[in-house]
Structures are given as C-alpha cells and as structure tokens.
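Visitor: I have a protein model to look at and some questions about how its chain is arranged. Please show it first.

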Amino acid sequence: MLDKIIETKKEEVKNLILPEDEGLPNHSFLDALITSNRDMALIAEVKKASPSKGLIKENFDPVEIALAYEKGGADCLSVLTDSPYFQGKREYLTAIKRAVNLPVLRKDFIIDSIQIDEAKRIGADAVLLISEALEPALLKDLYQYSYELGLDVLVEVHDQHNLEQVLHVITPKILGVNNRNLKTFETNIQQLEGMASSIPEETLLVSESGIYTKEDLDLVKQYGAKAVLVGESLMRKENQSLAVKQLFGESLNV
Ligand SMILES: O=C(O)c1ccccc1NCC(=O)[C@H](O)[C@H](O)COP(=O)(O)O
C-alpha cells in the first residue's frame, strides 16, 4: 500500500500547481506538545476515511470536528490532505486553520520539497515525513527545508531499523513511532516498547495509531511516549470533544 501511495504522490507532484499563500499565522507545533496541560499531549486527527478502514466518518464536517477537538483540550491537530486514499483535501486544512487556534500538522505523504512549499502556503504549522518512504539523504534535505520555512516536522518511523537510519542523518525534534505497519496495516500498540532507549533525550516521542483507551495511553506512556496521535477511535464517536475527555478518563461534564 505504501508503495502504491508513493507512486500516486509522484504523479501528484508532477502536476502540482502551488496555491496562493494564505498568509496564515504560524504556531509552534513542538511548543504546544511540550506545554500540554496533560501529562500526555494529544495530536487529534481529522480523518474521514483510510485505506485500512474505509469510510470512518459519515456527515464529515472538518471544521466542526476541529473545533470540538479544541474544546476537548487537544494540543495539536493532524489534518489529512490526501484525497485518493483518505478523502482529505488541502482546503480542509486551511478552513480549520482559520477557525481554530491550535497548531496543525499536514498529514500527507511528502516526497518532494514542493509539497512543503504547498503545506506552508495552505497554513500548516508542521509536516509529516515518513522515513520508510524516503531515502535518508532526501529525508535530511526535506527535514532541513521544512525548518527553513518555519515548519516543525514529525518524523515517522515504524521499527528499530528505520529509527537507526533516521538517527544516522538527523536528530529529530519530534519523532513518531507508528504502531501501524504501513505494508500490512497490522497495528501493534506495543511497537514502541524498547525503542525509547535509542532515542535522544531531546527528542519528543509520539506514539501513533491504534490508540483506543486510557489503558493504551498508560501503556505507551510507560514505553516513553510524551504525546499520542489519535484518529479513528476519536472520529468514530458522535461528539469529538467528549471523545477526547473519555480517552483521558476525564469527567464528561462540560
Ligand atoms: O490509517 C491507515 O489506514 C493508513 C494506511 C496507510 C498509510 C497510513 C495510514 N494511516 C496514517 C496514520 O498514521 C494514522 O492516520 C494516524 O496515526 C492515526 O491512526 P489511527 O488512530 O489508528 O486512526
């Protein structure tokens, strides 16, 4: 699946026409994670559909969902901008950024610096770089380019091998370990176990995917995660604000 998505992205990049710069203010994604009011920061994902689960949310209103996440106390948002596989749109990100005060990650499959220019112009505060999709030298270039544009980067790995390749070329400020294997779609909440000891102290560790319960949060915290990225389990609930509170085991009184 990842290979197929990357082939699609190569075509998109060839045909990409950069939009006008929306001139939206930049917020620090990293600072928002560090200064979270909770002992585990939350990146809440605005996700309509996915290759592994198909349609997740009918009657999808991205701005309403983003506002509810903000009300529930999410620290940052992740917004899917990929259309073919996730039914996302770059317009969703811009609309959300206009309505909400939280830093926003552009969740897409970035393989070229033009997509980082695009992310900046549509109002993103951060981009995702998936190490499995990038040669180490290209990862390093795209990472540096993002920071030159003032964007934070969530560098994603899946296993120890990816991690070592990444650490050979950069020391990411934010590192995500994806519990989902992007080749098989299998999700293992214990993916992070044992990896934290290889991660530099200054790197903020995020556990991504397959997180459903407070017990899951407690487990990944034990493994060293300081933040979680959660999509499906929050999106499937009727009310995303209550869903956030429920995930953290907080009182549901508004
Ligand atoms: O979600 C998928 O099916 C998927 C398939 C192929 C590549 C990437 C995919 N997901 C991207 C993500 O990283 C997740 O959207 C994110 O971590 C949230 O995961 P979840 O909480 O399990 O929705």
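Guide: Two strands count as paired if DSSP finds at least two bridges between them. The model here is a predicted one.

Visitor: In what order do the strands of the closed barrel run?
Guide: The barrel has eight strands, with parallel pairing. From one strand to the next, the twist averages 25°. The order is β1-β4-β5-β6-β7-β8-β9-β10.

Visitor: Is V177 buried or exposed?
Guide: V177 lies in strand β8, residues 174-178. Leaving out residues up to four places away in sequence, V177 touches V157, Q191, L192, M195, S207 and E208. A residue counts as buried if 20 or more other C-beta atoms lie within 10 Å of its own. V177 has 27 other C-beta atoms within 10 Å, so V177 is buried.

Visitor: How many residues along the chain are V177 and K57 apart, and what separates their C-alpha atoms?
Guide: Along the chain, V177 and K57 are 120 residues apart. The separation of their C-alpha atoms is 25 Å.

Visitor: What radius of gyration does the protein have?
Guide: The C-alpha trace spans about 50 × 40 × 35 Å along its principal axes. For 254 residues, a compact globule would have a radius of gyration near 18 Å. The protein agrees with that, because its value is 17 Å.

Methods
Residues are numbered from 1 along each chain as its sequence is written. This is a predicted model: local features need pLDDT of at least 70, side-chain atom pairs count only at pLDDT 80 or more; totals for chains, interfaces and linings use all residues. Helices (H or I, at least four residues) and strands (E, at least two) are DSSP runs, numbered from the N terminus. Axes are lines fitted to C-alpha atoms, for helices over the stretch in contact, and angles run from 0 to 180 degrees between N-to-C directions. A residue is buried if 20 or more other C-beta atoms lie within 10 Å of its own, exposed if 12 or fewer, and partly exposed in between; C-beta atoms are placed from the backbone. Two residues are in contact if their C-beta atoms, placed from the backbone, lie within 7 Å. The radius of gyration is taken over C-alpha atoms; the globule rule is 2.2 Å times the number of residues to the power 0.38.
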